[in-house]
Amino acid sequence: MCRFKAFSVIVIIALVSACGSGGSSSGAGVEPTQPGQNIPQNFIGVYQGQVNLRLEAIGLSETDSFPITITVFADGTVRFDGDDPDESFTVGLTNAGDFAGNLSISEDECSGQLAVTGQVDGSTASGVVEGEGECRIQGLDLDVELSGDFNATKG
């Protein structure tokens, strides 16, 4: 049995067991949001929660959950943090609390792109994660697709 690494929000690499072959992937992506100029004061702060992920490759799937920290700044940006500095990224936050951004992943045998879209309302931050990529394991190229959601509560 071979093991391959897959992509996570925020940012997170998950291990899944699978064997087989695949091809290349073009990657997922969204148009990143720009920072708003009048961010409501109650949006600003730190949100703690988790991301729930579903990883699929060659007809097999695995689900897992990981902790995340989402920080909203007064300058109209949102930073996502995982447990590794390489699992962090910052995007703009609209005045309505919407955000979208991408994270490129290049770890060991895997590479690809994650797209994150969501919203903050002053109490919670929530949204969805989608991604595509490829892992090369023992000479085999495996297409990997990731989907999931996240929810965090302001502390």
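The dialogue goes from the whole chain to single residues.

Q: Where do I start, and how many helices and strands does the chain have?

A: Keep in mind that this is a predicted model. Then list the elements: the chain has zero helices and 10 strands. Read from the N terminus on, the order is simply β-β-β-β-β-β-β-β-β-β.

Q: What share of the residues count as buried?

A: Of the 155 residues of the chain, 41% do. As for the surface, the chain exposes about 7,500 Å², and carbon and sulfur atoms supply 44% of that area.

Q: Is β5 enclosed or open to the outside?

A: Four of the five residues of β5 (residues 77-81) are buried, so the strand is largely enclosed by the rest of the structure. Leaving out residues up to four places away in sequence, Thr-77 touches Pro-35, Thr-71, Val-72, Thr-90, Val-91, Gly-92 and Leu-93. The side chain of Thr-77 also makes a polar contact of 2.6 Å with the side chain of Asp-75.

Q: How do I read a positive phi in a residue other than glycine?

A: Most residues other than glycine have a negative phi. Ile-58 has a positive one, near 45 degrees. You'll find Ile-58 in the loop between β3 (45-57) and β4 (60-72). With a relative accessible area of 32%, Ile-58 is partly exposed.

Q: And aromatic rings: how many pairs does a search of the whole structure find?

A: A pair of aromatic rings is described by the distance of the centres and the angle of the planes. The search finds four pairs here. Take the rings of Phe-99 and Phe-150: their centres are 6.2 Å apart and their planes at 35 degrees, so this pair is tilted. Phe-99 lies in β7 (residues 98-107) and Phe-150 in β10 (residues 140-154), so the pair ties together parts that are 51 residues apart in sequence. Phe-99 is buried at 3% relative accessibility, and Phe-150 is buried with a relative accessible area of 3%. Phe-80, Phe-89, Phe-99 and Phe-150 form one aromatic cluster.

Q: Which residues touch the most other members of the largest nonpolar core?

A: That core has 32 residues, and the ones to look for are Ile-70, Phe-99 and Phe-150. Each of β3, β4, β5, β6, β7, β8 (110-120), β9 (124-137) and β10 supplies at least two residues of this core. Now pick out Ile-70: not counting residues up to four places away in sequence, its contacts include Val-46, Tyr-47, Phe-80, Ala-125 and Phe-150.

Key:
Residues are numbered from 1 along each chain as its sequence is written. This is a predicted model: local features need pLDDT of at least 70, side-chain atom pairs count only at pLDDT 80 or more; totals for chains, interfaces and linings use all residues. Side-chain values use heavy atoms; hydrogens and water are left out. Buried means under 20% relative accessible area, exposed over 50%, partly exposed in between (1.4 Å probe, protein chains only). Rings of Phe, Tyr and Trp (its six-membered ring) pair if their centres lie within 6.5 Å; planes under 30 degrees apart count as stacked, over 60 as edge-to-face and the rest as tilted. Accessible areas come from the Shrake-Rupley method with a 1.4 Å probe; for residues, only the protein chains shown count as cover. A polar contact is a pair of N or O atoms within 3.5 Å; within protein, one must be able to donate a hydrogen and the other to accept it, and residues adjacent in sequence count only if both atoms are side-chain atoms. Contact means heavy atoms within 4.5 Å. A nonpolar core is a set of buried Ala, Val, Leu, Ile, Met, Phe, Trp, Tyr and Cys residues joined through side-chain atoms within 4.5 Å.
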